[in-house]
Amino acid sequence: MIKKTKSWRVIIIGDRRRHGPFKVTRRVLVLLSICLIALPAITGGFWLYSRSCAISNDKLAGELAVARQSIALISQERDELSEEAETLSAEIKALHKEQVILATVEKKKELTSASAKSDDEAKNKPFTSLDQVKITYDKSDKTLKVRFIIKNQDAKGAYISGYVFVILNPAPDSSSPCKIYPKVALVNGLPGTYKRGEYFYIARFKHMEGIFAPISDKSRYGSVSILVYAKDGALRVKKELPL
């Protein structure tokens, strides 16, 4: 019976020297065969793994580039929105300022209107009244006198003051000039300055008169006007009486 060989001796002879012998067993050959068979599979596995890693890396690199591009766009949009917000804020401030100016102008108009209304009311409010007007003419001394009582019309009874003029108006067909008491220059038929009038300061009433002399012919004059000015110069009473 022939005994199977379980090992071999291997001698490697080179150009210059010999290597060996090496003892090679069947187990070693089996392991070597298995390694040779498994090597392509392992190499292919490593290649596939490295390939998948490369593909994954390329995919990640692409996603990273897209993300960076998105971040850049978001940053650009943020800057644009920031500029728009600043512009809008400036417009809001300008609009607010304009509204404040308009409100101030409207308020001034209201105050001016209220003041004008108050002035009109003050002008239309009773100030004085004329009572017991009496006109007399003395032929002997050629003097015409206009006597009257000026009464306070203030509802609270406060003191009032002002100026009074008496004007002697010529008749329609007369060439005689107007005469005024107290004497002052006339401008368009009215006193040039109200402060030259007969001053009064009363709580209730005061007797006053206007004297004109010499009047040689009474018929040359047709009427008498009594003017009452307030202390601020406003003409508050104008009464005309025929002679």
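I began with strand β3 (residues 128–138), which I found joined to β4 by 9 bridges, the two running antiparallel. For the record, strands (E, at least two residues) and helices (H or I, at least four) are DSSP runs numbered from the N terminus, and two strands pair if DSSP finds at least two bridges between them. Within this pairing I noted that S129 stands opposite K151 in β4.

This is a predicted model, in which local features need pLDDT of at least 70 and side-chain atom pairs count only at pLDDT 80 or more, whereas totals for chains, interfaces and linings use all residues. Residues are numbered from 1 along each chain as its sequence is written, and side-chain values use heavy atoms, with hydrogens and water left out.

I then followed the chain from β3 to β4, which form a hairpin with 4 residues between them, and in the turn I found K142 with a positive phi of about 50 degrees.

Next I looked for a further partner of β4 and found strand β10 (residues 205–212), joined to β4 by 8 bridges and also antiparallel; here K145 has I211 of β10 as its bridge partner.

Why is β4 largely enclosed by the rest of the structure? I noted that 7 of the 10 residues of β4 (residues 143–152) are buried, so the strand is largely enclosed, where buried means under 20% relative accessible area, with a 1.4 Å probe and protein chains only.

Lastly I checked the whole protein, where buried residues make up 19% of the 243 residues and the elements comprise 1 helix and 12 strands.

Definitions and conventions:
Buried < 20%, exposed > 50% of the residue type's maximum accessible area, 1.4 Å probe, protein only.
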